[in-house]
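Please brief me on this two-chain model.

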Amino acid sequence: MGNSELTYASAIEELETIVNEIESGEVDVDVLAAKVKRASELIKFCNERLKGTQAEVNKILVDLEEKEGEAGSGSEE
Amino acid sequence: MQQLPQEDIGTQKPYFRLSELNAAIKETLESSFPDTILLVAEISELRCKTKGHCYLNLVERKDDQIIAQMKANIWAYAFRKLSEKFETATGETLKDGMEVLISVNVTFHEVYGLSLNIKDIDPTYSLGEMARKKKEVIERLGREGIINLNKELKLPLVPQRIAVISSSTAAGYGDFVNHLEGNPFGYRIYHELYQSLMQGQEAETSIVASLNEIRDRIGLYDAVVIIRGGGSQIDLSCFDSYRLAAEVARFPLPVITGIGHERDDTVTDIVAHMKCKTPTDVAQFIISEMRNFEERVLEARRRLIQKTKEIMREENQRVSVAARQFKHIVASTFHGEHTRLHSAIHKLIHGTSATVNARVNIMQRYSGDLSAGTRLFLQSEDTRLKGLEQAVRLLDPANILKRGYSITYHGDRVMKDAKEVGEGDFIRTRLYDGVIKSRVEGRDGQQ
């Protein structure tokens, strides 16, 4: 599971699912470590996006613009 | 009728000079319409000259066709009073397309011809007209089934990329940007201005053009914000127009308004996804949405940490139960050490008290020596504690593994009995450093 396609919505959903699983007590100890690691990645992702530098936000925009491709209204910066 | 002058008697054919005709028309008209007349008409091509005099056309339409038209003017002194009165009552400036009830004089000028001179205006009529038109627009949007379209869109969880329709010179725009950028939580919000005229005749077209520009780059934004204001409260009629309201209603991104007025909501406010009073309120709304999201993350994080700690604590207890099996080994290793320590402590204390007894007289004079004895005692206590610490370290499962013991798992279970596995089963052996995976070839049970 890479982070490239993460959105705020998918991140919070995955994070809350993990927490619910762990709280239900069904998670094996060996798996727990992996789950906690993933959860902290998701938390980090959200924090960095919320508070990231302007450069990061701009990068997100550039990525999106590239995705748009031939829509090609051109970047303004 | 005045007597027409007959200048050339010889031809017997009387004629007028143009000036005489015009003078005659003027007199006839003005005597036919001696008083001011109350008139309802629509303003068109209103323009004010530098001296403050205003010139306009008054028209009447039927099914969008002009069926009557007349030049009109308002002199500067009248216009000042009249426009102020109108703005105070309606919150609008006089402009093209407005239906007005006015008092006029019919005038005729020998050079400039026929025109109506506007003396006064009754704003309540226009107010009623505007309300009626607004109601019509709202009804039409409802009829066409688009009035709630923008409201039905879902605002992204974190509205962080904002297209702003405003004027860079508007006070409201500055407030908006300052609020976003100075938010106390350190959120980064990307906003891009789509420069637009926010009042006057051109506003509607300008705002619609900006919306179309944004539509072409729709993937870049989470929401559109339309803000203006700060100063004047007038000139909001463009926000009541069908064209702008319909564009906003049908816009594929949520539109948030902060038009900055205290009167009734405009039609644009009504169709928008979310209506705020001022640009600052819009900024606060965006930040609060982000805050709500962050609080969800923080809550998940808090629950995660709490539960994980709890599980780890339980797990450690379970491991220490397993470690108890090794306790006697550890204890016997430790026993010799312990005995030695004890006798050392004993000796130290004894030795000290013997010295104290022997030197009781000196001690009375040099009471400082007492503290030396205490120091010695404390040192011995320290040594004892260090010994205990070592014992605890030895009990730590990691250290047990370090000493060459290992834990064997079958699946997720710690194995305690060779009977738990059969030939061909896979088992994992956890060493101090690393895990070995192996297949069982055979086993020796205890019985």
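Of the 447 residues of chain B, 25% count as buried; a residue is buried if 20 or more other C-beta atoms, placed from the backbone, lie within 10 Å of its own, exposed if 12 or fewer, and partly exposed in between. The model is predicted: local features need pLDDT of at least 70, side-chain atom pairs count only at pLDDT 80 or more, and totals for chains, interfaces and linings use all residues. Residues are numbered from 1 along each chain as its sequence is written, while chains are lettered from A and ligands numbered from 1 in the order in which they are written.

**Make-up of the chains**

- Chain B has 13 helices and 14 strands. Helices (H or I, at least four residues) and strands (E, at least two) are DSSP runs, numbered from the N terminus.
- Chain A has three helices and zero strands, in the pattern α-α-α along the sequence.
- In chain A, 18% of the 77 residues are buried.
- Take the contacts in chain B between residues at least 6 apart in sequence: 66% of them join residues at least 24 apart. A contact means that two C-beta atoms, placed from the backbone, lie within 7 Å.

**The closed barrel of chain B**

- Five strands form a closed barrel, running β1-β2-β3-β5-β4 (chain B), with mixed pairing. Two strands pair if DSSP finds at least two bridges between them.
- Neighbouring strands of this sheet are turned by 55 degrees against each other on average, direction ignored. Axes are lines fitted to C-alpha atoms, for helices over the stretch in contact, and angles run from 0 to 180 degrees between N-to-C directions.
- Strands β3 (residues 65-74) and β5 (residues 113-121) of chain B run parallel and are joined by two bridges. B:Asn73 has B:Asn117 in β5(B) as its bridge partner.
- Helix α2 (residues 76-90) of chain B packs on this sheet and touches β2 (54-62), β3 and β5 of chain B. The direction of α2 makes about 50 degrees with that of β5(B).
- α3(B) also packs on the sheet, touching β4 (99-109) and β5 of chain B. Its direction makes about 130 degrees with that of β4(B).

**The open sheet of chain B**

- Five strands in the order β7-β6-β8-β9-β10 (chain B) make an open sheet with parallel pairing.
- β7 (190-195) and β10 (274-276) of chain B are the edge strands, each pairing on one side only.
- On average, neighbouring strands here are turned by 20 degrees against each other, direction ignored.
- Four bridges link β6 (residues 161-166) and β8 (residues 223-227) of chain B in the parallel sense. B:Ile165 stands opposite B:Ile226 in β8(B).
- Helix α5 (residues 171-181) of chain B lies across β6, β7, β8 and β9 of chain B, at about 135 degrees to β8(B).
- α9(B) lies across β6, β8, β9 and β10 of chain B, at about 140 degrees to β9(B).

**A buried helix stretch**

- Helix α7 (residues 242-250) of chain B has buried residues, including B:Leu244, B:Ala246 and B:Val248.
- The elements covering the buried residues of α7(B) include α3 (123-143), α6 (203-216) and β9 (255-258) of chain B.

**Where the chains meet**

- 25 residues of chain B are in contact with 28 residues of chain A.
- Helix α9 (residues 279-324) of chain B gives the largest share of chain B's side, 13 residues.
- That side of chain B has 11 nonpolar, three polar and 11 charged residues. Ala, Val, Leu, Ile, Met, Phe, Trp, Tyr, Cys and Pro count as nonpolar, Asp, Glu, Lys and Arg as charged, and the others, Gly among them, as polar.
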